[in-house]
Amino acid sequence: MLSITDFRTTMPTGMELRQALPRAQMNIEDAAEKIRPLMQEVKARGAVALRELSEKFDGVRPEHLRVPEEELSSALEQLDSAVREAMDISIAHNRAGHRAQVPSERVTEIMPGGIVKQRWIPVERVGLYVPGGLAVYPSSVIMNVVAAQEAGVGQIAVASPPQTRFGGRVHPTILAACQLLGVKEVYAVGGAQAIAMFAYGASGEAGIDPDPLCQPVDVITGPGNIYVAAAKRLVRAVCGIDAEAGPTEIGIIADKSANPALVAADMISQAEHDPNAASVLFTDSEELARKVEAEIVPAAQATKHSQRVCQALSGPQSGIVLVADIASAIDAVNAYAPEHLEIHTVEAGEVANQIRNAGAIFVGPYTPVPLGDYLAGSNHVLPTGGTGRYEGGLSVMAYLKPVQQIEYQRGALEKMARPLTAFADAEDLPAHEEAVNCRFE
């Protein structure tokens, strides 16, 4: 089921290593060209286009694109009590984790009479996308909304695909999570068209919707499929985005001390998301690799979503990478930059400290990725496809702008006039010099 890549005798480096590792094949450029006309339709025709596209891609034509508030309150009233309790715990843990991320303002005295204040200002309005394809993700509602709320965002809108089995309405568990978090602006819109609606705004359909239906947002965040990722790329010129998230990934570093049943279970847990999900084991133990293979085949065949799990584990994006030692495993993981990284080794904490590139790191056998998906207090919206080399996971920083506020008194500016004049002369910008000197004439 799992392909084997053996680097024990020869370990490539640099770009060759990145290319040799298992990876899902995604062509964002092709996807972007396919959806470009769709995005323009939403921009030009608003709600009319949104309903047509929902009918085409979701198989249902929503009566209400903006979810009525009574549907939100009804969904929470009908929510299973155990799920409600789990959501409450998740929200509390995520509030604690994200509140700790908020930076403080700092005032630095550059010189007597001259200060620079570092401010962090939340954006005014955000659009949060929650996928709804093979599974329902109230956890993604929590991850997006809590981070935005803790950042201090004033206006929060959520979009999730309309569901045929709910008559064109958003999945009620998604609605319940929104109601629990106090989010009242929710749209039954999915896919690339939701990203277009958030980025450009959307007019209402006469006689059905308010006009405008949706105001443009400043930032769009949230995971989705390749078309959602491509849509984010297309709108980056008009609003901010978190990242171009692709299929989920798990990398696991394990040595001979690891429990093969736990490693297999964790690889299956991510494969459960999507046929394109990636599960990759990095190990210096051929014996462990064999034991994991022996565990994973029957377990994958027995699980509820065995078809998509087996497809994901058998694909080119999944496999076992054999290396000479754990130091080589660390090098390979830093080249791979997995969305999620578990470490099942002796001295797992020391190994974790050597990881530079990963969306989130899960240390030890009692910290599986599903804990981070729901309740750990960390965010599960993370960089995929190797982008963890230069991007981090979703945090309050996605919704905050750093703004420097500068204030100099007369005496401080006067002391700077001479060196400023030297700069202005060197750059042949005499008006810069005059703008300072005129204050002392």
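Let me start with tyrosine 129, which lies in strand β4. This is a predicted model, and everything I say refers to that model. At 4% relative accessibility, tyrosine 129 is buried. A polar atom of its side chain sits 2.8 Å from the backbone nitrogen of glycine 191.

Take glutamine 193 next. Helix α8, residues 191-200, contains glutamine 193, and the residue is buried, with a relative accessible area of 3%. Leaving aside neighbours within four places in sequence, the residues in contact with glutamine 193 include Leu38, Val42, Leu50 and Phe57.

Now the other annotation. The unreviewed UniProt entry also places the feature "binding site" at Thr248, Gln270, His273, His340, Asp373, Glu427 and His432. They are spread over 185 residues of sequence and are spread in space too, up to 57.7 Å between C-alpha atoms.

Which of these residues touch glutamine 270? Among the contacts of glutamine 270, not counting residues up to four places away in sequence, are Thr248, His340 and Asp373. With threonine 248 there is a side-chain to side-chain polar contact of 2.9 Å. Glutamine 270 is in helix α10, residues 260-271, and is buried, with a relative accessible area of 0%.

Histidine 273 is found in the loop between α10 and β10.

Last, the cores. The largest nonpolar core has 39 residues, and Val126 and Tyr399 touch the most other members. Elements that each supply at least two residues include α4, α5, β4 and α6. Which element gives the largest share of this core? That is α6, with eight residues.

Valine 126 has contacts, beyond four places in sequence, with residues including Ala148, Ile156, Val217, Val219 and Tyr399. Apart from this core lies another, of 35 residues, with Leu50, Leu65, Ala159 and Ala194 among them.

Methods. Residues are numbered from 1 along each chain as its sequence is written. This is a predicted model: local features need pLDDT of at least 70, side-chain atom pairs count only at pLDDT 80 or more; totals for chains, interfaces and linings use all residues. Side-chain values use heavy atoms; hydrogens and water are left out. UniProt positions are given in the numbering used here, feature names are shortened, and annotations may be inferred rather than shown by experiment. Helices (H or I, at least four residues) and strands (E, at least two) are DSSP runs, numbered from the N terminus. Buried means under 20% relative accessible area, exposed over 50%, partly exposed in between (1.4 Å probe, protein chains only). Contact means heavy atoms within 4.5 Å. A polar contact is a pair of N or O atoms within 3.5 Å; within protein, one must be able to donate a hydrogen and the other to accept it, and residues adjacent in sequence count only if both atoms are side-chain atoms. A nonpolar core is a set of buried Ala, Val, Leu, Ile, Met, Phe, Trp, Tyr and Cys residues joined through side-chain atoms within 4.5 Å.
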